[in-house]
Amino acid sequence: MSRAKSYANVPLSIAHLCELDAAPAELIEYAATAGISSVGLRIAHASPGGIEYPLRTKAERAEVRHRIDATGVLVLYIELISISETTRASDYRAMFETGAELGATRLTVAGDSTDISLVIDRFGQICELANGYGINVDFEFMPFRAIRTLGGAAEIVRRAGQPNGRILVDTLHNFRSGSSVEELAELDPAMIGTLQICDAPSVAPPQSELVTEARTRRLLPGHGGLDLWSVIDALPADIMIGVEVPMASQYPNLDPAARLTLMVEQTRKFFQQGQATAEKAVQS
């Protein structure tokens with residue numbers, strides 16, 4: 001068991017999914033109260049008709065920028081572009097401009113076409129455009145989308161060959177897609193962009209329920225049965241760690257700031273327990 005660094009005080013980021021009903025400016029305030037370092041913003045919807053906050057007006061962006069400056073909470077990434085046959089990188093120029101204005105350094109994309117060559121081509125185009133805004137592009141594999149495995153994401157990032165192309169590893173997706181920890185450990189560390197953690201039961205639900213689980217049933221780290229440390233230990237020690245657990249339906253009696261505070265407390269407890277277990281193993 002290898003714990004190359006202490007995770008007790010590691011900076012934490014959160015996905016917008018944690019409190020998706022909160023507008024970006026509100027999310028930043030809640031994050032500050034909870035002691036969170038950075039957030040991701042859902043600038044474009046993850047599925048047709050889904051919640052999004054495109055921040056089209058100058059006033060909206062100025063308000064978010066004001067909250068960033070006042071709290072010190074950064075915008076780490078913007079999301080989500082789903083790559084399909086109709087995807088054109090140029091259609092998202094306004095999204096990149098908004099991200100750059102808010103200081104975002106990462107963009108999350110996913111693959112919704114089974115035509116690998118097309119996904120590679122469009123991913124490359126997105127990376128090229130995003131690079132001009134100082135934004136890295138993280139490809140997130142999901143077991144309910146066309147590009148569902150770590151291997152599939154790695155192939156796309158490799159073949160696209162873009163200097164700012166990376167892979168986003170989500171612990172839930174890694175386990176539910178059947179991707180192995182060994183495969184993860186063998187990847188070139190430079191290919192990994194960020195890590196999102198959550199927990200879940202060790203037994204997966206039926207394939208038809210994977211979307212629902214990912215969007216509404218994630219558990220706090222240490223509250224499920226996934227071997228999260230096997231994934232964390234397989235990744236670079238300096239990787240940025242985000243938490244993605246939708247909280248509102250699970251803790252409806254708490255307000256958003258209290259829910260995020262609970263998330264931080266439980267995540268840090270998970271890290272502390274894992275670190276202590278590793279240290280005890282070394283001593284024995």
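Visitor: How much space lies in the largest cavity?

Guide: About 80 Å³. A cavity here is a set of points on a 1 Å grid over the protein atoms alone, where a 1.4 Å probe fits but cannot get out. Points are joined across faces, edges and corners, and the volume is the space filled by probe spheres set on them.

Visitor: What kind of model is this, and what are the ground rules?

Guide: This is a predicted model: local features need pLDDT of at least 70, side-chain atom pairs count only at pLDDT 80 or more, and totals for chains, interfaces and linings use all residues. Residues are numbered from 1 along each chain as its sequence is written, and side-chain values use heavy atoms, with hydrogens and water left out.

Visitor: Back to the cavity. How many are there of 30 Å³ or more?

Guide: One.

Visitor: Which residues line the largest cavity?

Guide: There are 14, and the closest to its centre are L76, Y77, T194, Q196 and G242. Lining residues have an atom within 4 Å of a point. Strands (E, at least two residues) and helices (H or I, at least four) are DSSP runs, numbered from the N terminus.

Visitor: New topic. How many residues are in the largest nonpolar core?

Guide: It has 81. L107, F123, F139, I167 and F271 have the most contacts inside it. Helix 4 (residues 116-131) gives the largest share, eight residues. Such a core is a set of buried Ala, Val, Leu, Ile, Met, Phe, Trp, Tyr and Cys residues joined through side-chain atoms within 4.5 Å. Buried means under 20% relative accessible area, exposed over 50%, partly exposed in between, with a 1.4 Å probe and protein chains only.

Visitor: What does L107 touch?

Guide: Leaving out residues up to four places away in sequence, its contacts include Y77, I81, F96, I126 and V137. Contact means heavy atoms within 4.5 Å.

Visitor: Is F96 buried or exposed?

Guide: Buried, at 0% relative accessible area. In helix 3, M95, T98 and G99 are buried too.

Visitor: Where do those buried residues sit around the helix 3 axis?

Guide: They fall within an arc of 160°, so they line one face. The arc is taken over directions from the helix axis to the C-beta atoms. Their cover includes helix 2 (58-71), strand 3 (74-83), strand 4 (106-111) and helix 4.

Visitor: What about aromatic pairs, how many?

Guide: Five. Rings of Phe, Tyr and Trp (its six-membered ring) pair if their centres lie within 6.5 Å; planes under 30 degrees apart are stacked, over 60 edge-to-face, the rest tilted. F96 and Y133 are tilted, 6.1 Å centre to centre with 45° between planes. F96 is in helix 3 (residues 93-101) and Y133 in the loop between helix 4 and strand 5 (136-140), so the pair ties together parts 37 residues apart in sequence. Y133 is partly exposed, at 24%.

Visitor: Why is the W229 and F271 pair edge-to-face?

Guide: The planes are at 70° and the centres 5.9 Å apart, so the pair is edge-to-face. W229 lies in helix 9 (residues 228-234) and F271 in helix 10 (residues 256-283), so parts 42 residues apart in sequence are tied together. Both residues are buried. Ring pairs link W229, F270 and F271 into a cluster.

Terms used. 1 Å grid on protein atoms, 1.4 Å probe; cavity = no way out; pocket = protein on both sides within 12 Å on 5 of 7 lines; lining within 4 Å.
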